[in-house]
Amino acid sequence: MSDIEKNYEDFISTVSHELRTPLTSIRGFSQTMLASWDKLDDESKKRFLKIIEDQSNRLINLVENMLSATKLSHGKDNLVLKEISIQPVAQMAVSVIKSQYPDKNFVIEIDPKTPYILADKDKFLQIITNLVENAAKYGDENSTIHINTGFSGNEDFVSMKITNTGIGISEEDYDKIFTKFSRLDNPLTRRVQGSGLGLYITKTLVDKMGGKISVKSVPDKNGRYLTTFEILMPASDVEKQARAKCSM
Ligand SMILES: Nc1ncnc2c1ncn2[C@@H]1O[C@H](COP(=O)(O)OP(=O)(O)OP(=O)(O)O)[C@@H](O)[C@H]1O
Ligand SMILES: [Mg+2]
C-alpha cells in the first residue's frame, strides 16, 4: 500500500470512529425517549435531550474542524494579511469562551506598547479561540486563565502567551499534540469532548502567517502544572518603522 493510500485509510478509520461515537449516543437516547416517553419523568427527558444537544454540537464542531483541516492541507485557504491590533481580537475570543466556561476567570494583560501584527484577522481569532478554549477545557475547576501579550526578545515578533493551571502536558507529548487527531490519553481528555484537530489547525495557521507556536508545561508549588502556549506573530512593518523613529 502506498503512503497516500495508508494515510487515506487512517483518515477514514479515524473519522468514522469519531463520527460513530456521537451518532450512536444520539440514536440511543432518541430511541429510549421514543420507546419510553410516558414512563420517563420530565427531569430524565431534559437530561436525555441535553445529551443529544451536546453530541450534536460535538458533531458540528468535528465537521467544521475537518473542513478547516482539509482546506488547509490543500492550500485552498487564502489568507488576507492586514495590520491588526491584538487587544480587540483577544477580547472577542475570551467573551465567547467565557460564556461556555462560567467557572473560569480570564485575565487579559496587553502591554499598551505592543506593536500591531501582520495577520489574517478571522484566522487569528480562530487561533486565539482554540488556545483559550483549550486552556479553559483542560484547566482546573475555578482556575484563572492568563493571556499576556508584549514584545518578544526579537523585535520582529510579538509574543502572546496563554497560560492555565491544570493536569499539564509531558515533554514527550509537546510535538504530538500539534498533529492531526491527537488527543492525550488521560482521564480529563477522556471526559471532555474534542476532535484533536484544534492545535493542528492552530499550528498550520500560525505557520502560514509566518509565526511560531510552542508549548511548555512546568510543575507549580501546589502539585499542578502551569501550561503555557506561546505564539510569536510577525510585527507589522509600519510599527517597526515607527519604533525605529522613536529610538532615533
Ligand atoms: N492547556 C492544555 N492542558 C493540558 N492538555 C492540553 C491543553 N491543550 C491541549 N491539550 C491536550 O492536547 C490535545 C490536543 O488538543 P487539540 O486542541 O488539538 O484537540 P482537542 O481539544 O482534543 O479537540 P478540538 O479539535 O475540539 O480542539 C487535547 O486533547 C489535550 O489532551
Ligand atoms: Mg482543542
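I began with K104, which is buried at a relative accessible area of 8% (buried means under 20% relative accessible area, exposed over 50% and partly exposed in between, with a 1.4 Å probe and protein chains only). The model is predicted, so that local features need pLDDT of at least 70 and side-chain atom pairs count only at pLDDT 80 or more, while totals for chains, interfaces and linings use all residues. Residues are numbered from 1 along each chain as its sequence is written, chains are lettered from A and ligands numbered from 1 in the order in which they are written, and side-chain values use heavy atoms, with hydrogens and water left out.

**Salt bridges**

I then looked up the partner of K104 and found a salt bridge with D103, the closest N and O atoms being 3.1 Å apart (a side-chain nitrogen of Lys or Arg within 4 Å of a carboxyl oxygen of Asp or Glu). D103 is partly exposed, at 28% relative accessibility.

In helix 6 (198–208), D207 pairs with K203 at 3.1 Å between the closest N and O atoms; helices are DSSP runs of H or I with at least four residues, strands are runs of E with at least two, and both are numbered from the N terminus. D207 and K203 stand about one helical turn from each other because they are four residues apart in helix 6. I noted next that K50, E53 and D54 are joined into one network by salt bridges that share partners. For E53 and K50 the closest N and O atoms are 3.8 Å apart, and both residues lie in helix 2, three residues from each other.

**Ligand 1**

I counted 20 residues around ligand 1, the closest being N134, Y138, R183, S195 and L199, where a residue is near if one of its heavy atoms lies within 4 Å. Helix 2 (42–73), helix 4 and helix 6 each give at least two residues to this shell. Oxygen atoms of ligand 1 lie 3.1 Å from a polar backbone atom of L184 and 3.0 Å from one of L197. The protein buries 98% of the 600 Å² that ligand 1 exposes when taken alone, by the Shrake-Rupley method with a 1.4 Å probe.

**Positive phi**

Which non-glycine residue in the loop between helix 4 (121–137) and strand 4 (144–151) did I check? I checked N142, with a positive phi of about 60°, and found it exposed at 54% relative accessible area. F181 also has a positive phi of about 60° without being a glycine, but F181 is buried at 18% relative accessibility.

How values were computed: Polar contact = N/O pair within 3.5 Å; in protein donor to acceptor, adjacent residues only side chain to side chain.
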